[in-house]
Every structure is written in C-alpha cells, then in structure tokens.
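Biologist: I have the structure open next to the sequence. Can you take me through it?

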Amino acid sequence: FMWEKLLASVEKENVVPFATTLNDVSSVRPMTLTVVGDKLYTHSHRDSGKMKQLSVNPQFSAYTRDHQGFLVFFNGHVLEEDDKETRNALYNREAGLQAYFESPFDEKLSILRLWVEKIEWYNDSGELTVWENPIIEKVT
C-alpha cells in the first residue's frame, strides 16, 4: 500500500531532492523521477558527478510530498538498467531527455532504477511510520 502511495506522490511531484554520499560527503541535487508501471526510475548523463558517486556508493535518499502535503522520505539504492523498453518509455515520457540526448539509445544516457528499501512518513497522529521493502536486500 505504501509503495503505491509513493508512486502516486512521485507522479504528482516528480522533481525531488536526491541525496548521494561519497567519502563521507553528501550531495543533494534536484532529480526527475519517472514511474513506469510499478517501477521507479531516474536518469543522468553517464559522465556526471552523481554517476561517479553512485558507481562507488549506489545508496540514495530522497523525499516528496503526499496528497496532504506531508513529507514522505524514501531511501535505497540504484542499479543501472539498460533494456530497450525502459529506455524508450522514459525517453518518450520525459521531454527533458529529448533536449539533452539524441535518442533513447544515446550512449551518454544512463537509466537508473530506484530500489526503495525504506519509506518513512508521519501519520495523521504525527507519529513517524516506517515501511521496509520485504522483497529486496539492503546494499551496504
């Protein structure tokens, strides 16, 4: 249930603060997230600083807002995904990709699947609630 709520929130507000860490230094940047089916993706230029960070430490943290405007925090890890269908789906849904990359198969385009390990949000009583994804192992 919480996974579906997160996807709905991301579809509504798809540019999120996205944090990565390398050598004990955190970086936060706005990232565009895209929902395709029941999966969550982002993209980047293959030579970007964030890709260099994520290739060493694939962990990320981000947040969005739910339908009431409350913050929903989520974290996990990314894995590069390179299948034809996913590349086409993201390229066709995100106009920004078409401005920066020649085609869905531009070798400079990296597609990253977000494997969300944990979601945290405040319930209506103001208590922090945690959902941990039972189907994936945490990456350390």
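Predicted model: local features only at pLDDT ≥ 70, side-chain atom pairs only at ≥ 80, totals over all residues.

Biologist: Fine. Where is Asn23, then?

Modeller: Asn23 sits in the loop that joins strand S1 (15-22) to S2. Asp24 is in the loop between S1 and S2 as well.

Biologist: What is phi for Asn23?

Modeller: Near 50 degrees, which is a positive value in a residue other than glycine. Asp24 also has a positive phi, near 65 degrees.

Biologist: Is Asp24 buried or exposed?

Modeller: Asp24 is exposed, with a relative accessible area of 78%. Asn23 counts as exposed too, at 67% relative accessibility.

Biologist: Switching to salt bridges. How many does the structure hold?

Modeller: There are 3 salt bridges. One of them pairs Arg93 with Glu11, and the closest N and O atoms are 4.0 Å apart.

Biologist: Which elements do Arg93 and Glu11 lie in?

Modeller: Arg93 belongs to helix H3 (residues 84-93) and Glu11 to helix H1 (residues 2-12), so the bridge ties together parts that are 82 residues apart in sequence. Arg93 is partly exposed, with a relative accessible area of 47%.

Biologist: And which residue does Glu80 form a salt bridge with?

Modeller: With Arg46, where the closest N and O atoms are 2.7 Å apart. That pair links distant parts of the chain, 34 residues apart: Glu80 is in strand S5, and Arg46 is in the loop between S3 and helix H2 (49-56).

Biologist: Is Arg46 buried, exposed or partly exposed?

Modeller: Arg46 counts as partly exposed, at 33% relative accessibility.

Biologist: What about Arg87 and Asp82?

Modeller: Their side chains meet in a salt bridge, at 2.6 Å from N to O. Arg87 is buried, with a relative accessible area of 5%, whereas Asp82 counts as exposed at 54% relative accessibility.

Biologist: Why does Arg87 get called buried?

Modeller: Because its relative accessible area is 5%, and buried means under 20%.

Biologist: On to pockets. How much space lies in the largest pocket?

Modeller: About 230 Å³. Its lining is made up of Pro30, Met31, Thr32, His43, Ser44, His45, Lys50, Glu94, Gly96, Leu97, Tyr100 and Phe101.

Biologist: Which elements give two or more residues to that lining?

Modeller: Strand S2 (25-36), strand S3 (39-45) and helix H4 (95-100). Sorted by class, the lining of the largest pocket has 5 nonpolar, 5 polar and 2 charged residues.

Biologist: And what volume does the second largest pocket have?

Modeller: About 150 Å³. The residues that line the second largest pocket are Trp3, Asp38, Lys39, Leu40, Arg113, Leu114, Trp115, Val116, Trp131, Asn133 and Ile135. S3 and S6 are the elements that give two or more residues to this lining.

Biologist: Which element gives the most to it?

Modeller: S6, with 4 residues.

Biologist: How many nonpolar, polar and charged residues are in that lining?

Modeller: The second largest pocket has 7 nonpolar, 1 polar and 3 charged residues in its lining.

Biologist: Now the outside. Which residues form the nonpolar patch on the surface with Tyr122?

Modeller: Leu128 and Val130. Together with Tyr122 they have about 270 Å² of accessible area.

Biologist: Where does Tyr122 lie?

Modeller: In strand S6 (residues 109-122). S6 is also the element that gives 4 residues to the lining of the second largest pocket. Tyr122 is partly exposed, with a relative accessible area of 40%.

Biologist: Last one: which strand is Leu79 found in?

Modeller: Leu79 is found in strand S5 (residues 71-80). Leu79 is partly exposed, with a relative accessible area of 46%.

Biologist: What separates the C-alpha atoms of Leu79 and Leu6?

Modeller: A distance of 19 Å, for two residues that are 73 residues apart along the chain.

Notes
Residues numbered from 1 in each chain as written. Heavy atoms only, no water. Patch = residues over 30% accessible without salt bridge, like charges linked within 9 Å, V, L, I, M, F, W, Y side chains within 5 Å. Areas by Shrake-Rupley, 256 points an atom, 1.4 Å probe, with all protein chains shown as cover. Buried < 20%, exposed > 50% of the residue type's maximum accessible area, 1.4 Å probe, protein only. 1 Å grid on protein atoms, 1.4 Å probe; cavity = no way out; pocket = protein on both sides within 12 Å on 5 of 7 lines; lining within 4 Å. Points joined across faces, edges and corners; volume = space filled by probe spheres on them. Nonpolar A, V, L, I, M, F, W, Y, C, P; charged D, E, K, R; others polar.
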